[in-house]
Amino acid sequence: MDRTSLGPLVKARETVKTFVRSAPSPRELVANRTQRFERLHAILPSTATPGEPLSLTVQAWDQCERLLRDFEGTATVEATDPEATHPSSISLDPTDGGLVRIDGIRFDTPGTHYLTLRDRKTGERFVSNPVRVGDHDRRVFWGDIHLHSILSDGTDGLRRGYRFGRDVMALDVVAYTDHDTMGFFIPPRWQRDRMHREYFDRICAVADEFDEDGEFVALPAYEWTKQPNVGGHINVYFEDSDDATLFDSLDPTSNTYERLWERLRQWDDEHDSRVVTIPHHPAESMYPFDFSDIDYDDDLAPLVEVYSQWGSSEYPGHEGNDRPLAMGQGEIDESGHYVRDAHRLGYRTGMIGSADFHGPRPGHSLIHTRPHLPSAREWRQGGLGWGSIWRMWDERSYPGGLSAFLAPDLTRESVLSALRSRSVYATSQPHRILVDFRIDGVDVAEQTDAVLVDTPEMAREVTVEVAGTEPIASVTVVKNGTDRWTVGGTDDPGAALDAYTATGEWTDDAPLSGMSWDERRGTGGDVYTVRVRQASRYEYPGMAWVGPIWVESR
């Protein structure tokens, strides 16, 4: 039987198989109903000017990465900047619900700085994300822009998710991308009718409700959804809710990638506001997206979601990718579906990360943790959806992803500009890793189409600076799909703070060679990316993916 004719039945069958294969023991589920403290998580803005007042968010997490709402404890606080202003200690009690926010943190000395929290009871050290202090033409903002709510196959409402992303995870940018059509839980045409009749308008209205210039960006968006074993998925993001239009995947005028982009190209010509599309998990077998088999539009689709809770689609697992796609049917064993393939084909595709979590937890997905039963309150509030079901067994997932937006200010206009110009990069949650990657002094936010050199033989200077959230294990510069240079680090998660940063500088004096896919497709120059891996005491160390930067001769 043709697998494409099975549609939602394939998803149902795969779900049953996964549960049978990975069903947890009742004892484990019962044990994880009792919360046990595991770590403190400290969040600061990633960029600041000297003396600028900052807000610090501190969370207490349990063994399943849930907020430990009845946590009671105190941590001492130290800063790498001797001139910094901060409290000497931070205390949480059960009335805080596992979360406190402290205003008035200041760093006075230019450079990259951290706060270190040390639990008074255990002596365990917890380190904040790095803060780059200095004068900035642009800042680093953090977002999770791929999420699903009860309006499709997720749990809970949009408002609860936006509040979690903004108030708990201190994110700057969030977008809900509920499905335009569905399968398994909801018949595809039923979901399509609901989206056109009511749901898409509600998505846009709630995004407008939470969007606030300079404070928090909420984007109107949806997911253009092919059915299982029929094709891949694309998220569509708009700058202005008043202009946002739902072009669904069942409409004959927008039911292929090319037709969707044609409709959006017409839309783009008719509106002053902007739109951007982003494919995701392209290498997943159930929802494959083949860059080599379509007329790819890298203007309207300038980015690919390289990483999410599904895993990394950078390159195949059998070639060394340590986070291959494993959910559903796993990764596809065919070329053309990986981000590396898109670059080899000559497409100008940058990389972002998001969660694709189906619940109200922007910036902090949960299904990779120990199997656990959601609370009765979560079931009552959130309803039935993958965000709760997935948490009860090992779905072979990973922590979700985050996107770093390199922008001058925090507005929808600046965020859409960053997306369209590829002024972004990806990390795994919850790691706000700072990466400055340059070719001849030009980074991902400054390149237009490419960094230009006078001749193919001219040498290029390659530099990378990383400030991590854990000790740096390795920083790898990838050239034309092959690991080219590596800065080694440490696998010791308890290493001193000087192991949290790494720098590398190389001269590439090899002539431009480019890459070819076939006789007619390839690159006009060389393609460089960066991959960062950290050391960790936990199961999933932090990672980052940055680039590409293209280099061509004049």
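Before I name any partners, a word on terms: helices (H or I, at least four residues) and strands (E, at least two) are DSSP runs, numbered from the N terminus, and two strands pair if DSSP finds at least two bridges between them. Please keep in mind that this is a predicted model, in which local features need pLDDT of at least 70, side-chain atom pairs count only at pLDDT 80 or more, and totals for chains, interfaces and linings use all residues. Residues are numbered from 1 along each chain as its sequence is written, and side-chain values use heavy atoms, with hydrogens and water left out.

Let me begin with the open sheet whose three strands follow the order β1-β3-β6, with antiparallel pairing. Its edges are β1, residues 37–43, and β6, residues 99–105, each of which pairs on one side only. Between β1 and β3 there are six bridges, and Ile-43 has Thr-57 in β3 as its bridge partner. As for β1, six of its seven residues are buried (under 20% relative accessible area, with a 1.4 Å probe and protein chains only), so the strand is largely enclosed by the rest of the structure.

The other open sheet I want to show has three strands in the order β2-β10-β7, and here the pairing is mixed. Its edge strands are β2, 47–48, and β7, 111–113.

Notes
Buried means under 20% relative accessible area, exposed over 50%, partly exposed in between (1.4 Å probe, protein chains only).
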